[in-house]
Amino acid sequence: MFTGIVTDIGRVRKVEQTARDRRYEIETVWDTAGIDLGASISHAGCCLTVTEKGPGWFAVEVSGETLSKTNLGDWTEGHRVNLERAARLGDEMGGHVVSGHVDGLGKVVSITPDGGSHRIEIEAPAPLHRFIASKGSITVDGVSLTVNAVEGRVFVLNLIPHTWDVTTLGQLKIGDDVNLEIDMLARYLARWQETA
């Protein structure tokens with residue numbers, strides 16, 4: 001489990017294609033001696049398992065299924081990635097409960113400066129948009145955010161300067177695909193209503 005609070009922006013240093021899967025080596029400022037093989041790390045909101053490591057880097061393998069459902073298939077050498085280590089019992093819950101399971105891809109439709117902040121509008125795919133609520137939580141490329149408004153399939157975010165500067169969201173452009181994970185509570189509430 002994660003909280004959606006990014007603690008490093010990693011950099012893809014190597015990409016290797018296998019028969020169907022892909023292996024990425026990620027550079028990080030973290031002390032990799034403290035990262036266990038088999039550890040779960042959120043990469044742009046996608047939970048991946050550490051399979052190898054060295055000083056200042058670690059490797060993950062990404063299945064064809066994950067590549068087809070997320071924006072990870074677009075990564076090339078030099079790509080910057082929001083990283084978060086798995087939460088531990090007793091850690092501060094600064095964001096919201098995040099599973100690291102991407103629900104779908106959203107598309108950035110507008111970015112507008114708003115004072116010192118930035119207003120971002122993202123179109124969610126159907127039927128995922130039904131689970132996004134104004135003032136609810138959502139994870140975008142691994143970052144826990146509050147939804148300001150919902151207009152049909154488009155939801156609106158306001159990124160403060162800190163979030164803009166310390167995550168990869170400050171590099172977004174109109175037309176970019178972003179990994180979305182809806183709020184876990186909304187997912188289970190909707191499922192409960194379907195079966196009730």
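Predicted model: local features only at pLDDT ≥ 70, side-chain atom pairs only at ≥ 80, totals over all residues.

Reader: Why is Ser144 called buried?

Author: Ser144 has a relative accessible area of 17%. Buried means under 20%, so Ser144 is buried.

Reader: Where is Ser144 placed?

Author: Ser144 belongs to strand S10, which covers residues 143–151.

Reader: What makes the pair Ser144 and His96 a polar contact?

Author: The side chains of Ser144 and His96 are joined at 2.7 Å. The cut-off for such a pair of N or O atoms is within 3.5 Å, so the value for Ser144 and His96 meets that limit.

Reader: Which residues is Ser144 in contact with, leaving aside its neighbours within four places in sequence?

Author: They are Thr3, Gly4, Gly95, His96 and Ile138.

Reader: How do you know that S10 and S11 pair?

Author: Pairing takes at least two bridges. S10 and S11 are joined by four, so they pair, and they run antiparallel. Within this pairing, Glu151 has Val154 of S11 as its bridge partner. The hairpin of S10 and S11 has two residues between the strands, and Gly152 there takes a positive phi near 70 degrees.

Reader: What makes S8 a partner of S11 as well?

Author: Strand S8, residues 117–123, is joined to S11 by six bridges. The requirement is at least two, so S8 and S11 pair. These strands run antiparallel, and Ile120 stands opposite Leu157 in S11.

Reader: Why is S11 called largely enclosed?

Author: Strand S11 spans residues 154–159, and five of its six residues are buried, so the rest of the structure largely encloses S11.

How values were computed. Residues numbered from 1 in each chain as written. Heavy atoms only, no water. Buried < 20%, exposed > 50% of the residue type's maximum accessible area, 1.4 Å probe, protein only. Polar contact = N/O pair within 3.5 Å; in protein donor to acceptor, adjacent residues only side chain to side chain. Contact = heavy atoms within 4.5 Å.
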